[in-house]
Amino acid sequence: MSDNKDQKLLGYTQNKGIFNYIKQHINKYNLVMSYFIGPDLNIFQKILITIDFVICAIFLGAGINDYFQYNFYKRRFIDRKNFIVGRKWIKMVKKCNGSIENENFDDKSKFNKIYSEYLGRQWLDTKECSFEEFDDFTSRFAKSIYKMKSGSGGNGIGIYDRSKSKDIRKDFENFNKENVILEELIIQHKEMAKFNPSSVNTIRVVTILQKDKVNVMSAIFRTGNGKGSTDNFHHFGLAALIDVETGLVYTPTIDKKNQKFIKHPISKEQIIGFEIPYWDKIVQTVTKAAKVDSKVKYVGWDIAIREDGTICIIEGNCSSDPDIAQMPDQIGKWKQYKKVIDNL
């Protein structure tokens with residue numbers, strides 16, 4: 001099965017109708033089981049694991065991804081309770097933000113307007129601009145990033161190259177219909193680029209706003225796997241944990257299949273011990289951004305670093321998936337997060 005098909009099953013795509021829903025989840029269950037445990041289980045072993053999964057789903061609220069990516073099949077029940085799984089994640093986000101969804105974060109154009117001070121790059125909403133503005137923007141930035149306003153998980157993103165266009169006005173009309181924004185292409189800091197030059201390698205910083213205090217809960221270094229233009233974890237990008245006090249990467253990097261790498265599989269750059277450039281500036285930036293909207297307390301901020309050291313918030317995720325903060329070291333973070341959430 002191709003990586004694209006795997007990603008659709010491993011991610012959060014939805015099919016309409018009960019039959020398609022059941023079929024998708026059976027396929028996903030079998031796929032994820034084969035990834036994390038192996039394809040050679042006998043029928044008796046599969047039945048035992050499936051029964052155990054159902055127990056975890058009922059009593060812990062764990063989903064398919066939770067059960068396998070956190071190795072629940074070989075953990076004691078008491079250890080499983082330390083992980084932020086589906087039910088706890090929903091409870092946490094709703095308590096912090098009131099809802100799983102938030103239009104100001106889910107709509108990239110609205111997000112860019114509200115958090116414009118922290119973007120560190122120019123952008124254009126093709127739904128709101130004139131052709132002349134589009135022509136001017138794409139003349140100044142011959143290559144730019146296009147994004148669907150409502151896209152998530154690295155979907156609906158690509159590079160627009162004006163020099164390869166056959167009809168600029170037609171491009172504008174198509175972008176306008178598809179509800180797309182354009183953003184200046186970021187030339188990233190050389191220390192970040194060395195791991196995988198084909199993607200902008202970013203840092204996910206998770207914050208929880210506690211009255212006037214911003215708690216940096218987790219930080220994750222993300223890099224592409226050398227096969228595409230995105231570092232998104234759910235597109236088989238790579239992720240490793242960062243010590244929030246020092247900015248040092250302290251775990252091997254892993255992918256969505258839980259494969260571990262001490263060095264980047266393509267560039268062979270050492271990952272453990274890498275010091276994130278401008279770490280103090282990154283913390284200062286997300287601390288300020290986290291205070292913009294006091295109603296949204298839990299956010300995962302995606303950060304890029306420009307070649308001149310400018311800190312760019314790529315986007316904010318108000319329902320940031322905790323998998324990326326728990327898979328690299330296989331340590332549940334529920335107690336750490338609960339301690340802060342209980343005192344909101």
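Which helix gives the most to the nonpolar patch? Helix α3 (residues 43–59) does, with nine residues. The model is predicted, so local features need pLDDT of at least 70 and side-chain atom pairs count only at pLDDT 80 or more, while totals for chains, interfaces and linings use all residues. Residues are numbered from 1 along each chain as its sequence is written, and side-chain values use heavy atoms, with hydrogens and water left out.

**Nonpolar surface patch**

- The patch consists of I43, F44, I47, L48, I51, V54, I55, I58, F59 and F77, which together have about 1,000 Å² of accessible area (Shrake-Rupley method, 1.4 Å probe, only the protein chains shown counting as cover).
- Patch residues have over 30% relative accessible area and no salt bridge, with nonpolar side chains (Val, Leu, Ile, Met, Phe, Trp, Tyr) joined within 5 Å and like charges within 9 Å; a salt bridge is a side-chain nitrogen of Lys or Arg within 4 Å of a carboxyl oxygen of Asp or Glu.
- F59 lies in helix α3 and counts as exposed because its relative accessibility is 58% (exposed is over 50%, buried under 20%, partly exposed in between; 1.4 Å probe, protein chains only).

- Helices (H or I, at least four residues) and strands (E, at least two) are DSSP runs, numbered from the N terminus.
- Five of the five residues of strand β4 (residues 180–184) are buried, so β4 is largely enclosed by the rest of the structure.
- V180, L182 and E184 are buried on one side of β4, and I181 and E183 on the other.
- Strand β1 (residues 123–125) runs antiparallel to β4, joined by three bridges (pairing requires at least two DSSP bridges); L124 stands opposite L182.
- Strand β2 (residues 143–148) also pairs with β4 in the antiparallel sense, over five bridges, and I145 has E183 as its bridge partner.
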